[in-house]
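Please consult the sequence and the 3D view while reading.

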Amino acid sequence: MNRVVAKQFSFRQYDRLKTILDNPFEGIMAIDNTGTIFFINSFFLEILNYTENDVLDKKIWDIIPNCRLFETVGQGYSIWGETLKINAREFLVARFPLKIDGQIIGAMVKTLFPDQTIAKEIAQKLARPGKPESTVRTLCTCLDIMGETPPMLYVKKLARKASRTSSTLLITGESGTGKEIVAQAIHTRSVRREGPFISVNCGAIPENLLESELFGYVEGAFTGAKKGGNPGKFELADTGTILLDEIGDMPHYMQVKLLRVLQEREVWRIGATSPTKLDVRVIASTHMDLKQLVKEKKFREDLYYRLNVLEINMPPLRDRVEDLPLLVDALITRINSRIGADAKGITPESLKIMKAYYWPGNVRELENILEQAINWSQDSIIDIRNIPIKPWENGCDSGNSTVIESQSFRSHISDTERDMILHVLEQTNGNKAKAARLLNMQRSVLYRKMEKLNIM
Ligand SMILES: Nc1ncnc2c1ncn2[C@@H]1O[C@H](COP(=O)(O)OP(=O)(O)OP(=O)(O)O)[C@@H](O)[C@H]1O
């Protein structure tokens with residue numbers, strides 16, 4: 001190998017090593033035998049809120065006074081599972097000596113988990129070997145949010161940040177992008193995790209019932225009111241989190257009432273003479289453009305700003321197709337265990353089609369197509385071309401979503417949704433409850449979609 005090649009090779013190697021060490025999932029830092037920091041990765045820099053220049057060549061005790069890494073240089077052995085607190089965040093870490101030819105030349109510290117919540121989730125999993133996930137917990141955690149592309153890593157980062165407070169949060173994004181699972185994950189890693197998580201689909205509840213559903217009523221409030229009254233979803237979510245899904249569908253008069261709840265932190269049951277105090281975190285989600293609705297005077301501006309204290313925007317699947325292999329693997333495992341199949345993967349042709357398709361129904365549609373393909377395939381390596389309705393053949397330039405006019409794009413989404421729903425209804429002989437299950441959506445959502453798409 002000549003010197004130039006050797007140099008290039010080592011540069012490449014260096015880049016690769018740096019990528020490994022700079023990954024966003026673990027913190028790594030190393031000191032020499034005088035306690036001087038000679039390596040720190042971006043994970044730790046972000047937690048410390050420092051740049052490399054602030055830290056490199058400084059003594060470890062000046063940067064993280066409570067870090068016992070320098071002790072490792074003297075001790076010469078590793079310590080696992082110690083807690084390290086940096087800027088009010090706690091990490092489980094390991095520290096161990098670095099040796100060359102048996103001589104200690106320094107020590108390094110690394111985090112064992114990205115944070116304590118994930119550590120606890122994994123500990124729980126280990127404590128219950130062999131138990132199917134569904135019996136361990138029903139709500140999603142951050143581990144259930146699949147995706148390693150930059151937009152998804154950003155979503156997870158925002159979700160972690162949002163879980164540290166109880167601020168009102170708005171999650172936006174197309175249908176099926178995972179808004180509900182992110183809301184659940186934020187709840188399950190927040191201090192409210194022991195409290196309830198209540199999800200309300202504002203668009204699926206008939207307008208005349210919405211107020212009593214959300215705020216409850218007292219005995220005798222109206223004919224047919226239950227004896228003793230009934231608590232609303234807000235009261236049921238007390239000490240926990242309420243997810244107001246499809247907030248864009250909330251009628252105007254209810255927007256006023258919701259604004260009052262957010263401001264006063266109390267609800268008035270229908271017919272009540274005094275309010276009930278609440279301790280609820282509100283997360284709202286929508287696939288609509290709320291700003292546009294505000295402009296069109298269909299959504300109150302003051303409510304929009306109350307809800308949008310924090311915002312997480314879920315990227316559509318077409319913008320993160322590099323996540324497809326990971327999603328496909330994970331979803332196949334999920335579907336296998338749900339329907340008792342044994343699919344192992346997909347053909348390269350399927351992946352090619354998937355990467356070119358623009359996924360109007362996002363991950364929900366992907367899951368549905370995979371489940372259909374598993375049912376139609378003879379082999380354990382499934383081919384999505386085997387399914388009867390092939391939405392990617394709908395005559396659109398699937399490879400380049402940006403050239404699609406927004407109107408035709410929307411109508412294409414509706415066509416695809418209509419085809420999917422009709423196909424599943426055919427499979428279930430018109431049984432809507434079964435169809436909703438197959439489509440992985442609430443029955444009320446299916447009814448709403450059927451009404452919108454004129455499916456009788
Ligand atoms: N990143 C993801 N990782 C794993 N599963 C996902 C992801 N995104 C979505 N899903 C799955 O897709 C389905 C739809 O997700 P979810 O209900 O959270 O979407 P949504 O954005 O709230 O949809 P809608 O607006 O229609 O209510 C669920 O089965 C969910 O588990």
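**Strands, helices and rings**

Q: In strand E5, which residue is the bridge partner of Ile100?
A: The model is a predicted one. Strand E4 (residues 89–100) and strand E5 (residues 103–111) run antiparallel and are joined by eight bridges. Within this pairing, the partner of Ile100 in E5 is Gln103.

Q: In what order do the five strands of the antiparallel open sheet stand?
A: The edge strands, each of which pairs on one side only, are strand E2 (37–40) and strand E3 (79–86). From one strand to the next, the twist averages 25°. With antiparallel pairing, the order of the strands is E2-E1-E5-E4-E3.

Q: Why is strand E1 described as largely enclosed by the rest of the structure?
A: Strand E1 covers residues 28–32. A residue counts as buried when its relative accessible area is under 20%. E1 is largely enclosed because the number of its five residues that are buried is four.

Q: Which residue of E5 stands opposite Met29?
A: Strands E1 and E5 run antiparallel and are joined by five bridges. In this pairing, the residue of E5 opposite Met29 is Val109.

Q: Which residue takes a positive phi in the hairpin of E1 and E2?
A: E1 and E2 run antiparallel, joined by three bridges. Four residues lie between the two strands of the hairpin, and the one with a positive phi, near 90°, is Gly35.

Q: Which strands are the edge strands of the sheet with parallel pairing?
A: This open sheet has five strands in the order E7-E10-E13-E6-E14. The twist averages 20° from one strand to the next. An edge strand pairs on one side only, and the two that do so are strand E7 (197–201) and strand E14 (310–313).

Q: Which residue of E10 stands opposite Asn201?
A: E7 pairs with strand E10 (residues 241–245) in the parallel sense, over five bridges. Opposite Asn201, the residue in E10 is Asp245.

Q: Which residues of helix H10 are buried?
A: Helix H10 spans residues 207–215. Its buried residues are covered by elements including E7, E10 and helix H12 (252–264). After the helix comes Gly216, whose phi is positive, near 80°. The buried residues of H10 are Leu210, Glu211, Ser212, Leu214 and Phe215.

Q: Which residues does Ala159 touch, not counting residues up to four places away in sequence?
A: Ala159 lies in helix H8 (residues 150–162). Its relative accessible area is 0%, so Ala159 is buried. Ala159 and His187 are 28 residues apart in sequence, yet their C-alpha atoms are 9.6 Å apart in space. The residues that Ala159 touches are Val182, Ile186 and Ile312.

Q: At what angle do helix H15 and helix H16 pack?
A: H15 covers residues 324–339 and H16 covers residues 348–356. The crossing of the two helices is right-handed. Their axes lie 11 Å apart, and the packing angle is about 120°.

Q: Why is the pair of Trp61 and Phe70 edge-to-face?
A: The structure holds nine aromatic pairs. In the pair of Trp61 and Phe70, the ring centres are 5.2 Å apart and the planes stand at 65°. Planes over 60 degrees apart count as edge-to-face. The angle that therefore makes this pair edge-to-face is 65°.

Q: Are Trp61 and Phe70 buried, exposed or partly exposed?
A: Trp61 has a relative accessible area of 38%. For Phe70 the relative accessible area is 33%. Trp61 is partly exposed, and Phe70 is likewise partly exposed.

Q: Which residues do ring pairs link with Tyr357 into a cluster?
A: Tyr357 forms an edge-to-face pair with Trp359, with 4.7 Å from centre to centre and 70° between the planes. Both of these residues are buried. The residues linked with Tyr357 in the cluster are Tyr358, Trp359 and Trp392.

How values were computed:
Residues numbered from 1 in each chain as written. Predicted model: local features only at pLDDT ≥ 70, side-chain atom pairs only at ≥ 80, totals over all residues. Heavy atoms only, no water. Pairing = 2+ DSSP bridges. Axes fitted to C-alpha atoms, helices over the stretch in contact; angles between N-to-C directions. Phe/Tyr/Trp six-rings, centres within 6.5 Å; stacked < 30°, edge-to-face > 60°. Buried < 20%, exposed > 50% of the residue type's maximum accessible area, 1.4 Å probe, protein only. Left-handed = near helix turned anticlockwise from the far one by under 90°. Contact = heavy atoms within 4.5 Å.
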